[in-house]
Each structure stands twice: as structure tokens, then as C-alpha cells.
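Subject: Structure handover

Hello,

Please find the structure below. My notes on it follow.

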Amino acid sequence: MARNPIQFQPGLSLPAFLEQYGTEAQCQAALFQHRWPRGFVCPDCGNTTGCRLSRGLYQCHRCHHQTSLTAGTIFHATHLPLTTWFLAIYLLTQRKSGISALQLSRELGVSYNTAWKLKHKLLQVMHERNQGERLSGRIELDDAYLGGERPGKRGRGAEHKFPFVAAVQTDEEGHPLRVQLRRVSGFTLTEIRRYAEQAIAPGSQVISDGLGCFRAFDTPLYVHDCHITGGGRASVENPEFNWVNTLLGNVKNAITGTYHAIRGQHAPRYLAEFEYRFNRRYDLKAMIPRFLTVAARTPPMPYRFLKMADFYA
């Protein structure tokens with residue numbers, strides 16, 4: 001059997017990464033290029049001429065506003081060297097199943113609390129980048145939950161379970177192109193309508209099971225192909241839902257294999273991590289430059305906001 005070229009691509013090796021981003025000067029030069037690709041731009045007045053001061057700050061020639069390379073970005077007010085940030089980006093983007101904050105702290109040589117804040121700031125970049133992206137064409141859709149086993153009610157509506165929508169866009173040959181993993185407040189008609197407006201392009205063919213909330217796609221905007229699957233193993237083996245079921249299995253295996261537990265308010269970020277990596281798996285070497293471009297445009301995320309997080313995406 002021929003090897004999948006996407007699965008077996010070489011990616012970016014650790015020695016190659018260190019050759020490009022192994023020093024602070026290299027990381028600063030890379031961040032400058034991604035933040036100001038056409039040269040310095042004053043964040044206060046928009047002027048394009050300035051100078052670099054001895055303290056490392058950049059000063060605008062027009063308004064004399066001074067700014068640092070990291071100010072106003074996700075790296076804002078950091079006390080960590082950029083080499084630490086870049087290594088964290090490498091570990092998060094190049095590992096298929098992700099990395100826990102505890103393991104990240106060991107890899108980077110920082111405290112757990114520092115690793116947690118750093119990781120979630122990087123996940124916030126992924127989360128914000130995913131927002132606004134819409135799936136189109138043929139889309140397999142399913143409802144799913146995150147959360148460990150707890151005593152009490154089982155199935156839909158169980159406590160400590162966090163509902164989310166899983167969607168897979170496929171090509172004409174039935175191969176997966178892109179995925180979406182978006183937490184929702186619940187599987188109600190109103191909530192799925194809100195999700196559809198934000199995440200599914202009009203004209204798409206949506207394939208779902210018989211859950212009542214998916215009637216939100218019974219409009220002229222979509223072609224809704226509803227399959228009553230029932231329960232048990234037969235529903236999982238339905239060929240119409242092959243890729244979305246495969247996706248859900250991979251997501252849950254990755255999360256349970258990497259994390260001991262996740263909090264519900266942070267679920268959108270954990271889901272965004274898997275979604276971000278999957279949708280950019282075609283070129284692993286380009287993932288870090290693409291990430292830096294978004295990170296340089298992502299506003300600061302103070303810890304007080306970081307721990308609150310968004311409940312729904």
C-alpha cells in the first residue's frame with residue numbers, strides 16, 4: 001500500500017528548528033518580519049519611519065511614540081526570552097496529539113504556572129485564527145461531548161459534560177479537507193442556528209443524524225441530508241459519517257492521552273488546538289511561520305482574562 005504523502009511528510013526537525021530559531025537575535029528578526037513585513041509601522045500614528053533605540057525599543061520619527069517588538073501582541077509584557085516562546089510554538093504545532101502544560105514545563109525548564117499561561121496564550125492564537133473560518137461543500141456533522149466519567153445521569157445532558165459540534169468537510173473523493181470543533185451551549189435548535197450562521201457557508205451539503213436540533217439546516221440556504229442512525233455500533237459504522245466518527249475518535253484519544261482533565265471554560269481552546277493543527281497538516285514546515293504571522297496580530301491576553309476564557313466558540 002502506498003504511503004500517504006501528507007502523513008509521511010518530513011516536517012520540521014528539531015535540529016532544523018534550532019538552526020532557524022536557536023538564538024534570541026534570530027527569534028527577534030523573525031518576529032519583526034512577521035509583525036512588520038514592510039518595515040516598522042508606528043502602532044500609534046501609523047507612520048512608517050522610525051529608529052531602534054539602545055534599549056531595544058522602536059521610536060516613531062513623527063510622534064516619537066516608543067514601542068517594543070512584543071508590545072500589543074500575544075507576547076506582550078513577557079519576561080521570558082523569545083527562544084522559550086518559539087520552542088513552545090514548535091512543540092505545540094509539530095506534535096500531532098499536543099502537549100500538556102506539565103510536560104511543556106519540563107521541556108522548557110519553566111514552572112508549571114508559567115507553562116500553563118504560555119500554552120494557553122498560544123492556544124488563544126489558534127482559537128482566534130479559527131474564528132471566522134467557514135466550511136463549505138460536503139460536510140459531515142455530529143454532536144459530541146467532552147468530559148470524564150462521573151456518577152449520575154448518563155448520555156445527553158449529563159453533568160460535567162461539555163457539548164461541542166464536530167464537522168468535517170470532504171472533497172469529491174470523500175477525503176477530509178478541513179474540520180471544525182466548536183463548543184456550544186447545548187444541542188438546541190436556536191444554538192445550532194447560531195453555529196450554522198457563523199461556521200457553515202450557504203449552499204453547503206450538510207449530512208447529519210436525526211437529532212432534532214439539526215433541523216436548523218432545513219432551510220433554502222443548505223442542502224440537508226438527514227440520516228436516522230439510531231444508536232449502538234451500527235450508528236458509528238454508518239459510511240455517511242465515516243470521517244466525522246474518525247475525527248471524534250482521534251480528538252478524544254488525543255485529549256485523554258495528553259491531559260488528565262480539562263476545565264469546561266477552556267474547552268474551546270483545547271478544541272481549537274486540534275482543529276488548527278489538522279487544517280494546516282498539509283505543510284508542517286510552514287506551520288511556525290504562519291503561526292508567527294497570526295501571533296504578531298493577536299492582542300495581549302492578560303492572565304485574568306486567560307483563566308476566564310470563552311465558554312462557546
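Two rings of Phe, Tyr or Trp (for Trp, its six-membered ring) are taken as a pair if their centres lie within 6.5 Å. By this rule there are 13 aromatic pairs. The model is a predicted one.

Aromatic pairs

One of the pairs is F32 with Y58: the ring centres are 5.6 Å apart and the planes stand at 40 degrees, so this pair is tilted. Planes under 30 degrees apart would count as stacked and those over 60 as edge-to-face. Y58, at 12%, is buried; the cut-off for buried is under 20%.

F217 and Y222 form another pair, with centres 5.2 Å apart and planes at 75 degrees, so it is edge-to-face. Both of these residues are buried. Ring pairs also tie F17, Y21, F86 and Y90 into a cluster.

Charges over rings

Two arginines lie over ring faces. R280 lies over the face of Y276, at 4.0 Å from the ring centre.

Between β2 (residues 58-60) and β3 the antiparallel pairing runs over two bridges. Q59 has Q66 of β3 as its bridge partner.

Helix α3

Helix α3 covers residues 82-94, 13 residues in total, and spans 18 Å from first C-alpha to last, close to the 18 Å expected at 1.5 Å a residue. How much of α3 is buried? Eleven of its 13 residues are, so the helix is largely enclosed by the rest of the structure. Among the buried residues of α3 are W85, F86, I89 and Y90; F86 and Y90 also belong to the ring cluster described above.

What do the buried residues of α3 pack against? Their partners are the helices α1 (14-21), α2, α4 (101-108), α5 (112-130), α9 (267-279) and α10 (287-295).

Regards

Notes. Residues numbered from 1 in each chain as written. Predicted model: local features only at pLDDT ≥ 70, side-chain atom pairs only at ≥ 80, totals over all residues. Heavy atoms only, no water. Pairing = 2+ DSSP bridges. Helix = DSSP H or I, 4+ residues; strand = E, 2+ residues; numbered from the N terminus. Buried < 20%, exposed > 50% of the residue type's maximum accessible area, 1.4 Å probe, protein only. Lys NZ or Arg CZ within 6 Å of the ring centre and 35° of its normal. Expected span 1.5 Å × (residues − 1). Contact = heavy atoms within 4.5 Å.
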